[in-house]
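These are my notebook entries on one structure. I set down what I looked up, topic by topic.

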Amino acid sequence: MKARALLFYRLLVRPMLAEPLRTALTLLAVALGVGVVVAIESAGRAAAGSFRSSLETVAGEADYEITAAGGLPEELLAKLARLPVPISLAPRVEGSGRLAATGTPVRLVGMDLIAEGGRAPVRGQELFEALREPHSIWCGRAVATQPGQTIRLVIHDVAREYTVRGLIEGAGLDSTLILDIGAAQEALRKPGRLDRIEVRLPESASPKVEARLREALPEGVLLRPAGARTEENRKMLAAFRWNLRVLSYIALIVGAFLIYNTIAISVLRRRAEIGLLRALGATRGQVGAAFLAESALFGALGAALGLLAGRLMAEGALRLMASTVDTLYATSSPAPLSFDAAIIGLAFAVGLLVAVASALAPAIEAARVAPVEALARGRYHWERRLAVRRNLVGTLALASAAGLASLGPPLGGKPVLGYLAAVLLIAAMALAMPALIDAVARLNLARLAGVETLIALRGLRASLGRSAVLAGALATAAAMVIAVGILIGSFRETVSLWLEQQLAADFYLQPEAATGAERDATLDPALAAELARLDEIAEVERFRAYDISFNGLPAYLAAVETDLARRWGKLRFLGGQDREAILERLGTGNYAIASEPFASKHGLRPGDILRLPLAGRAAEFELLGIYTDYSNERGYIVVDRDVLLGYLPDPAPTSLALYLQAGADRTSARAAIERACAGREVRLISNAELREEALRIFDRTFAITWALEAIALSVAVIGMAGALLALVIDRRRELALLRFLGAAGTQIRRLLVGEAAALGLLALVAGSALGLLLALILIFVINKQSFGWTIQLHWPAGLLAAALGLVYLATLLAALYPARLAQRLNPIEVIHEE
Amino acid sequence: MALLELEEVSKSYRTDGVTVEALRGVSLEVDAGEFVALVGRSGCGKTTLLNLAGAMDQPTAGEVRIAGVSTRRLNDAALARLRRTSVGFVFQSFQLLGTLTAVENVELPLLVAGQAGARRAALERLDWVGLADLANRYPHQLSGGQMQRVAIARALAASPRLILADEPTGNLDSATAESIVGLLGRIASEQGAAVLMATHSQEAAAACHRLIRLRDGRIEAIEETGRR
Ligand SMILES: Nc1ncnc2c1ncn2[C@@H]1O[C@H](COP(=O)(O)OP(=O)(O)O)[C@@H](O)[C@H]1O
Ligand SMILES: [Mg+2]
């Protein structure tokens, strides 16, 4: 054992240390690859962990909860309390608000503090005194730091003062406010209504208890296990996390090419050494294992460094993710980042796995070196002759397989086959690379590009195995950038066009308390009528939305004024359905339309019946049509306002769309609207502002994607630098000979840069072709199956050109140092080295 | 029983559809304590013969026995074990690892075999070839003759009973060559190993006990030099 370790150190570790820069570059590449995976995983966990926050942890674990869209009548609680079963019931009234001072969103939870005395986080003698004052709250640390403080809260469109009576502790409760149930009903405008009833069963409860409870509930009410909401949110976030996770592996895939390259070079250089060791009695297994171990060492060290890098990157990733989650999924306060055993395990697992897997081929090659190679005369041909034609057949086979996979359905709701298609395409490109380089290098470019380029190209061809791997890594990274660039560019353009067409009103009005994801903050119902009386205003359209859950996923139920929507709105329906006909029927009864993400998530088609429990009644709506919508991923079920008011008689709108009279002056109209809203906490947003805001959110959502792309590219460029360094070292004899033959130092430098330039250009051409195909898969398979958006293909030409230019520049920069090294080689020393 | 026995050994290579008969029915025996030279012009099959004799490769036909063990039925791992314990190689171009010091190079076969106490054994061998003082030098700090001595010390490291040398003096001046051949001779006489050396040099061949002339893969003649 000790002998092995010593041998490993002397034969593999020492040479690594002898080339510290190249070793460091390889390690850096692995570390970045692992770091990104670690960062996204831990940030994703923290972001998802936050859902398990205010809603469920306030008073410990319940067993079940009773809910209904639009809330429950208070009488239900009394009715259930009279049941002759041993259950305890805890009513909840919930809503969102904002701190007036900072605008920070907070979660309000109303509970029966006296009845729950023992379990509530609030208790003691002062509770009763505090309850005598109506504006008492208990809150988490993000809201206030000391009891006795006074804070101003915006709830719906009203600001009020509250006194902090005490602080509550607990994971995820930082921005939670607790108040007594009556005060909550009043402040949240939910008189006589409850949002949930938490149910606890005694330990020994028989299944009969649950059955009795179920019997006692009216039809339009949901009894579900406690924590279902958290689960729903997590499930909804799953696609987002899954896709980010997959993107986070790109850098690692690029890293795999580089590990392969490093180990392959290590094997190539050591053929004589390996032959000698075999002559000295080393077995094939020992030789193969040694190279796997060398790679594993890179993997393990890279993973260790990657954990550190991941830790740093996770902070940024979490910030970006949390803001996306807040605006698009559900208001949350991220859980703290934790680097526990699972994350450390993940880092080492992916680091070692990718290292060993990518070293497999070179290690097998090493094991195949015959002992007689130690005795072979002269220099053998290092580079394995690549079976160029056989590889092309493989390319075709892989590409066809990719085509087939891209046609497949989602598996388990995930675009697994889509990702498989992408990986197959990358492999196809990697296999085609040697043939491509071979073909280009054969062209007689001397006249066109000078003798340095010719020699450079011949050099690439001579070391086909090596240059093909490098070009493959760079092409993969470039392809990813192009594909994701096209996806994001197309998506943005689609959204932008949609916004332009969709946002027809001149102004929009929202309660100040409204958050990105929840729709529970509303406006004073009287406001719409007041605004309609203004001279400048032609029409006021009321929109109401509720947060509901549908088939175990969060969704929105919305009500529109159908006749206004017909007159002003510009909904577009999928499959060429007639808009007029649909909207005409929508206003006439229990009909609904649904947004595209909602319909594709639940597999719904026009004609289907949607069953919704509404405030204690079961309602059924026939789905008339599916319309394009890019506002959020949860998706909307939209019904007529009057129809919904029949079930949920709350007239308060979630937002108002204001249409100005033709020819009205915007500035004076705005002033008039603001005057009319004086004293109310509302947000008035112009059409242009709303559009800008939407695109800003869009860009922020994809910022993390860009960051991941940039890192993958950096890994490729780092690999390029490392490999060119190795090239200079291995060809120093040839380079020195060129000097003896009269080449100037600057010519040698140009040779190296020329080689990098040729390689970079090839990689970019191949990467662009691959990137276009990957973009199609991303847009029409992966995105469609994950999120359900229909995206029109657009070419963000400027962006792509800039990205490619940047990559090319980086490649040349990566060649500069190795080229300088080559220029400074002392030819005399090199030739006399042996 | 002879230490090395070749019985009707043939070896052919196939490259690009052409078959080259490197050895054609060679039979010979080398005893323990014997120092034998293998001569013949370039391409006559010397290296091929040494490879087969050293269990580095399998013959196309015939049988090779090292210390009575036939290589025929051995798999790759068993061949490696046989080389480890019974054979020491010396090469024309020394084949020292440039990243290892002299003593570390000598330790190499012992480490490959997983043996303990490699350092002491290696230093003893270096002392035996007269290089105890240069143990910690790197190959590029040594002269050609010194490098070949280190290589010989390495061949002796595991105390093998068969030493094979492929043109060990090919890269050396004649004075240095003489001392290297002398060293190989001492391995046979003092340590009782069988030493088989391929060479071009008349002087080197003349220092051996026996001389085997190869021509086109066949033994042309076997001559006693009378120097036993
Ligand atoms: N690996 C090989 N593949 C093909 N032919 C070989 C190989 N090794 C040796 N030969 C051929 O076998 C013959 C004998 O070679 P070798 O044993 O190296 O001769 P020597 O060592 O006497 O110069 C030569 O014709 C040589 O070209
Ligand atoms: Mg030879």
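**Entry 1: ligand 1**

How far does a backbone N or O atom of B:Gly45 lie from an oxygen atom of ligand 1? I read a distance of 3.0 Å for this pair. I note at the outset that this is a predicted model, in which local features need pLDDT of at least 70, side-chain atom pairs count only at pLDDT 80 or more, and totals for chains, interfaces and linings use all residues. Residues are numbered from 1 along each chain as its sequence is written, chains are lettered from A and ligands numbered from 1 in the order in which they are written, and side-chain values use heavy atoms, with hydrogens and water left out.

I then looked up two further backbone atoms. For B:Gly43, a backbone N or O atom is 2.7 Å from an oxygen atom of ligand 1. For B:Cys44, a polar backbone atom is 3.3 Å from an oxygen atom of the ligand. I recorded the cover as well: of the 550 Å² of accessible area that ligand 1 has on its own, the protein covers 70% (Shrake-Rupley method, 1.4 Å probe; for residues, only the protein chains shown count as cover).

Next I listed the shell, where a residue is near the ligand if one of its heavy atoms lies within 4 Å of it. Eleven residues are around ligand 1, and B:Gly43, B:Gly45, B:Lys46, B:Thr47 and B:Thr48 come nearest. The site is shared between chains, because residues from chains A and B surround ligand 1. In chain B, strand E2 (18–30) and helix H1 (46–53) each supply at least two residues of the shell; H1(B) gives the most, with three. Helices (H or I, at least four residues) and strands (E, at least two) are DSSP runs numbered from the N terminus. I sorted the shell by class and found four nonpolar, five polar and two charged residues. Here Ala, Val, Leu, Ile, Met, Phe, Trp, Tyr, Cys and Pro count as nonpolar, Asp, Glu, Lys and Arg as charged, and the others, Gly among them, as polar.

**Entry 2: the sheet of chain B**

I followed E2(B) into its sheet. The sheet is open, has four strands in the order E2-E1-E4-E5 and is paired antiparallel (two strands pair if DSSP finds at least two bridges between them). E2 and strand E5 (69–70) of chain B stand at the edges with a single partner strand each, so one side of each is left without a neighbour in the sheet. Strand E1 (residues 4–15) of chain B pairs with E2(B) over nine bridges in the antiparallel sense. B:Val9 stands opposite B:Val26 in E2(B).

Is B:Gln148 buried or exposed? B:Gln148 is buried, at a relative accessible area of 0% (buried means under 20%, exposed over 50%, partly exposed in between; 1.4 Å probe, protein chains only). B:Gln148 lies in helix H5 (residues 144–156) of chain B. Leaving aside neighbours within four places in sequence, its contacts (heavy atoms within 4.5 Å) include B:Phe91, B:Phe94, B:Pro168 and B:Ile180.

I turned to A:Glu65, in strand E1 (residues 64–73) of chain A. A:Glu65 counts as buried, at 1% relative accessibility. Its side chain makes a polar contact of 2.6 Å with the side chain of A:Arg196 and another of 2.7 Å with the side chain of A:Arg224. A polar contact is a pair of N or O atoms within 3.5 Å; within protein, one must be able to donate a hydrogen and the other to accept it, and residues adjacent in sequence count only if both atoms are side-chain atoms.

**Entry 3: strand pairs of chain A**

I checked strand E11 (residues 537–550) of chain A, which runs antiparallel to strand E17 (residues 655–660) of chain A over six bridges. A:Glu539 stands opposite A:Tyr659 in E17(A). E11(A) also runs antiparallel to strand E12 (residues 553–560) of chain A, over eight bridges, and A:Ile548 has A:Ala555 as its bridge partner there. E11(A) and E12(A) form a hairpin with two residues between them, and A:Asn551 in the turn has a positive phi of about 50 degrees.

**Entry 4: chain A as a whole**

I counted 27 helices and 18 strands in chain A. Of its 834 residues, 55% are buried.
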